[in-house]
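Subject: Structure handover

Hi,

Here is the structure I promised to pass on. Please open it and keep it in view while you read my notes below.

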Amino acid sequence: MGLFIESGLQLLEDYQKKRKHFLQKKKHRQLRTVLCGRCRLLSHGQMITAVGGNGGYSGGKQFISAEELREKLSHLRHEKALIVKLVDIVDFNGSFLARVRDLAGANPIILVVTKIDLLPKETDLNCVGDWVVEATMKKKLNVLSVHLTSAKSLVGISSVASEIQKEKKGRDVYILGSANVGKSAFINALLKMMAQKDPVAAAAQRYKPLQSAVPGTTLGPIQIDAFLGGGKLYDTPGVHLHHRQAAVVHSEDLPALAPRSRLRAQCFPNFQVAFDDTTSSRIRSNGLNGFSIFWGGLVRIDIVKFLPQTRLTFFGPKALSIQMVSTDKADEFYQKEVGVLLTPPTGKQRAEEWMGLETERQLQIKFEDIDRPACDLAISGLGWIAVEAFAAGRSLTTSDSDLEETEKQLQLCIRVPKPVEIFVRPPIPVGKSGGEWYQYRELTEKEVEVRPKWYF
């Protein structure tokens, strides 16, 4: 009798597993799709990396290395091809691939800026487009044009499709970018747009690449027959950059680094936050001086010298909480709260294995114009912090205009995990205020000729 009950329970368990598998495939519209176990888990949202040194995995026989992925693209610099290079607007500096010439050679580049739907409301894309072109010109690359896009809303995708058709001239087209910049989502959107006029692209939609938040989803170049009249479209493995937060965070914490909705500015000091009377009094009289701000467990900012009116505005994933404490209590606070209040890392076990904030960078920021942010502090793989010497909306007084040169310098110290990079850059004009303070640079005739056009 016991044997029959045990067999019945086993059959019930097997049935429940198969039913769960069926419902998952139905939910993701995969009933007629054959997937390997890894792809199935990735498409269902599980975090499985195959790249050693990423997602908390040091490597091994089952992992491919970042160097091996790069090697799969090394042939590009010896071929005649059209490069479509993707950059994440939320992580512009961290995802730019500064050494893209090592991969693409002298091949022409169409620069595609992804995820613009995540920018704050009322952002003037004319200003953002000009800002992107200004930043790109400093890289001295062979960029034909710049396109602001959203794979989610299809904004800007049609202009990219038109530019590819115009410039490919029988050449193969390679979609290139850092890991998780949105290549697979972009290709799906591109094929959808091209399918309206091109039957070959319509047929290619059946071979849409898999999308996942985990780096290393695509492990080799994938050829897609998407064009009439010669030339192939290639989805390529994401280039893994050791200086991004994704290289140090555990794979199960990776979703916390990916913004899912429109960015919302989080400002400090913020008097809507409930501080005790002593803290509120200190901030009102002396600003942020003597305070430390934690961005999850990944960033610490110690304020050394700010003006009382100076404000920091954070743009990044909402899953990371921002906490402010007095600098003299910051070390104790971090040790106590990392893995609990300050995440990632998530959980005490990962916190005990966490390397900590080993990289320390002292910054002196000089500002000239009090009507615009002094700069952005971009944290590779996370987002950015706008540094406003004078909080927006504050009226100019005589004492402000008579500031000594030594007072026009802000000092702070930033700590991040090793080897995450910190970029100090001109402020990106986002939100309604960005369109008000942004200034277009006057161009020479020569600059107008060589400067790439931008579209959205």
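Start at lysine 232, which is partly exposed, with a relative accessible area of 30%. Its salt-bridge partner is aspartate 225, and the closest N and O atoms are 2.7 Å apart. Aspartate 225 is also partly exposed, at 41% relative accessible area. Bear in mind that this is a predicted model.

**Salt bridges**

Side chains of opposite charge can pair when their charged atoms come close. How many salt bridges does the structure hold? There are 16.

Look next at glutamate 388 and arginine 311. Their side chains meet in a salt bridge, 3.1 Å from N to O. This pair links distant parts of the chain. Glutamate 388 is in strand S14 (residues 383-388), arginine 311 is in strand S10 (residues 311-315), and 77 residues separate them. Is glutamate 388 buried or exposed? Its relative accessibility is 10%, under the 20% limit, so it counts as buried.

Now find arginine 451 and aspartate 130. They form a salt bridge of 3.0 Å, N to O. The two lie 321 residues apart in the chain. Arginine 451 is in the loop between helix H14 (445-450) and strand S17 (453-455), while aspartate 130 is in helix H5 (residues 125-137). Arginine 451 is buried at 11% relative accessibility. Aspartate 130 is buried too, at 7%. Both belong to one network of salt bridges with shared partners, together with Glu134, Arg441 and Glu447.

**The sheet**

Five strands form an open, antiparallel sheet. Their order is S7-S10-S14-S13-S16. Which strands stand at the edges? They are S7 (266-268) and S16 (422-425). Each has a single partner strand, so one side of each has no neighbour in the sheet. From one strand to the next, the twist averages 20°.

S13 (residues 375-379) and S16 run antiparallel and are joined by four bridges. To see a bridge pair, find alanine 378 and its partner in S16, phenylalanine 423.

**Aromatic rings**

The structure has 12 aromatic pairs. Take tyrosine 438 and tyrosine 440. Their ring centres are 5.4 Å apart and their planes stand at 90°, so the pair is edge-to-face. Tyrosine 438 is buried, at 11% relative accessible area. Tyrosine 440 is partly exposed, at 46%.

Phe92, Phe96 and Trp131 make up one aromatic cluster. The charged end of lysine 85 sits over the ring of phenylalanine 96, 3.6 Å from its centre. Lysine 139 also lies over the face of phenylalanine 96, at 4.9 Å from the ring centre.

Best wishes

Definitions and conventions. Residues are numbered from 1 along each chain as its sequence is written. This is a predicted model: local features need pLDDT of at least 70, side-chain atom pairs count only at pLDDT 80 or more; totals for chains, interfaces and linings use all residues. Side-chain values use heavy atoms; hydrogens and water are left out. Two strands pair if DSSP finds at least two bridges between them. Axes are lines fitted to C-alpha atoms, for helices over the stretch in contact, and angles run from 0 to 180 degrees between N-to-C directions. Rings of Phe, Tyr and Trp (its six-membered ring) pair if their centres lie within 6.5 Å; planes under 30 degrees apart count as stacked, over 60 as edge-to-face and the rest as tilted. Buried means under 20% relative accessible area, exposed over 50%, partly exposed in between (1.4 Å probe, protein chains only). A charge sits over a ring if NZ of Lys or CZ of Arg is within 6 Å of the ring centre and within 35 degrees of the ring normal. A salt bridge is a side-chain nitrogen of Lys or Arg within 4 Å of a carboxyl oxygen of Asp or Glu.
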